[in-house]
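Please look over the sequence and the model below before reading on. The briefing that follows is grouped by topic.

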Amino acid sequence: MLFNKITLLNENFEIERDMYVGVKDDRIAYIGKEKPEGDFGEEYDGKNRLLMPGFYNAHAHSPMSLMRGYGENLVLQDWLTTKIFPFEDQLDSNAVYWGTLLCMAESLKYGIVSSSDMYYFIPDMVNAVMDSGAKSNISRSIANPMGIPYDELPSIEEAKESLRYHGYGNGRILIDTSLHAEYTNNVETATRLAEFTKEAGAIMHVHCSETKLEHDECKSRHGKTPAQFYNDCGLFDGPALAAHCVWCEEEDLIIFREKGVSVATNPMSNLKLASGICDVTEMQKMGINVALGTDSVSSNNNLNFFEEMKVMATLAKVKKMDPTVITPKEALMMATLNGAKAQGRADCGCIALGNKADMIVLRTDTPNMHPVHNMLNNLVYSASSGDISMTIVDGKVLYKDGEYTTIDIEKTIFEAEVATEKILKKL
């Protein structure tokens with residue numbers, strides 16, 4: 001594919017106009033002002049269009065699309081124990097497959113090319129992502145609230161078995177590990193899982209200090225914060241991704257910086273559950289890689305990444321009572337490049353020669369995108385998900401002008417509704 005005279009958000013996250021961008025196979029093969037020689041196949045007119053890197057969702061629970069709008073106006077612990085956990089107890093392979101595929105369809109519509117997913121029924125999630133053409137870092141979430149011996153946990157065996165999917169789809173599927181949280185596990189589980197993660201060379205994905213209650217109760221139980229607990233258990237001895245981090249303290253951020261832990265901030269979910277505001281400004285000042293996540297649609301309630309990015313940047317200003325913090329360039333990097341880094345995808349996240357062709361095309365002839373005093377400002381604060389006209393993953397067009405090339409959207413919606421109704425009848 002060759003994009004002709006298109007506006008480009010380049011690898012330095014600066015705007016270039018009337019650019020040619022060529023894709024061969026799954027990679028970006030040409031970027032320049034002049035039309036390249038050779039055959040790139042289909043040509044795409046870039047007039048009134050902008051090409052930018054796709055979004056990387058750094059924290060998700062994709063099968064929970066089945067729980068969208070289920071359990072509203074509840075605090076986190078009540079939401080989990082009275083609504084979410086009982087629903088999840090009734091999930092089966094069929095429900096997880098269709099829930100994940102529905103989530104992938106929504107992701108592609110909103111320009112998300114890859115997600116860091118924490119859940120279970122891993123084979124069914126892998127199949128759904130593979131069928132969609134998207135990318136995902138998938139981890140089998142480990143929760144052991146009853147303190148069952150580590151070697152007797154079926155979830156651990158599932159986590160080990162899931163490693164066979166690592167690298168599927170020419171690297172579209174990567175397998176991480178996941179400790180669900182401190183409050184759902186004990187020291188033995190956390191320590192042993194950390195050892196397994198290190199041996200596997202996997203990324204550890206964990207919830208961390210999402211609510212004040214979680215944070216304070218961990219300090220009461222262990223005399224340390226969740227981040228300090230994880231660090232002492234060895235969970236941060238390799239690549240790690242900590243989700244939420246709303247109530248982290250200065251000592252926790254020092255740990256993140258020293259251990260190279262990435263943080264996935266989830267502003268809409270944290271607002272909706274009244275969990276608080278993550279101090280992304282302070283984290284960035286300390287050199288921590290901060291990426292953007294949606295959490296599940298059961299607490300968000302959508303995957304609108306332009307909305308997520310705008311809310312994140314706006315909240316950062318309110319958190320510091322300083323309108324100058326978080327520049328549009330920083331916000332765009334958090335939604336793209338930083339997320340790719342958090343997922344361990346070194347050849348993704350920006351439009352650079354040789355990188356994977358994970359890109360989205362935006363219409364720029366919409367009223368909300370004019371006038372253009374600064375295109376970066378417009379992308380963060382004015383752009384809408386409705387402006388997305390195309391989503392490309394590994395050089396393949398998966399979504400274009402409201403149509404999917406890999407997903408039967410009518411069937412997916414129908415099957416997801418049937419699976420949901422079946423579960424609700426059991427509750």
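Which residues form a negative surface patch? The patch is made up of Asp401, Glu403, Asp408 and Glu410. This is a predicted model, in which local features need pLDDT of at least 70 and side-chain atom pairs count only at pLDDT 80 or more, while totals for chains, interfaces and linings use all residues. Residues are numbered from 1 along each chain as its sequence is written, and side-chain values use heavy atoms, with hydrogens and water left out.

**Surface positions**

- Patches are made of residues with over 30% relative accessible area and no salt bridge, like charges being joined within 9 Å and nonpolar side chains (Val, Leu, Ile, Met, Phe, Trp, Tyr) within 5 Å.
- Glu410, a member of the negative patch, belongs to helix α16, which covers residues 409-426, and Glu410 is exposed with a relative accessible area of 60%.
- Buried means under 20% relative accessible area, exposed over 50%, and partly exposed in between, with a 1.4 Å probe and protein chains only.
- Gly386, found in the loop between α15 (375-381) and β15 (388-393), is exposed as well, at a relative accessible area of 59%, and its C-alpha atom is separated by 8.7 Å from that of Leu362, 24 residues apart along the chain.

**A helix with a buried face**

- Helices (H or I, at least four residues) and strands (E, at least two) are DSSP runs, numbered from the N terminus.
- In helix α13, residues 328-335, the buried positions are Pro328, Ala331, Leu332, Met334 and Ala335.
- Viewed down the axis of α13, these buried residues fall within an arc of 160°, so they line one face of the helix, the arc being that of the directions from the helix axis to the C-beta atoms.

**Salt bridges**

- A salt bridge is a side-chain nitrogen of Lys or Arg within 4 Å of a carboxyl oxygen of Asp or Glu, and by this rule the count comes to 25.
- Asp358 and Lys135 are joined by a salt bridge of 2.6 Å, N to O; Asp358 lies in the loop between α14 (337-342) and β14 (359-363) and Lys135 in strand β8 (residues 135-142), so the pair ties together parts that are 223 residues apart in sequence.
- Both Asp358 and Lys135 are buried.
- Asp216 forms a salt bridge with Lys212, their closest N and O atoms being 2.7 Å apart, and these two residues, 4 residues apart in helix α7 (residues 212-222), are separated by about one helical turn.
- Asp216 is partly exposed at 30% relative accessibility, and Lys212 is partly exposed at 45%.
- Salt bridges that share partners join Asp26, Lys135, Lys356, Asp358 and Asp394 into one network.

Technical notes
Areas by Shrake-Rupley, 256 points an atom, 1.4 Å probe, with all protein chains shown as cover. Lys, Arg positive; Asp, Glu negative; His and termini not counted. Charge placed at Lys NZ, Arg CZ, Asp CG, Glu CD.
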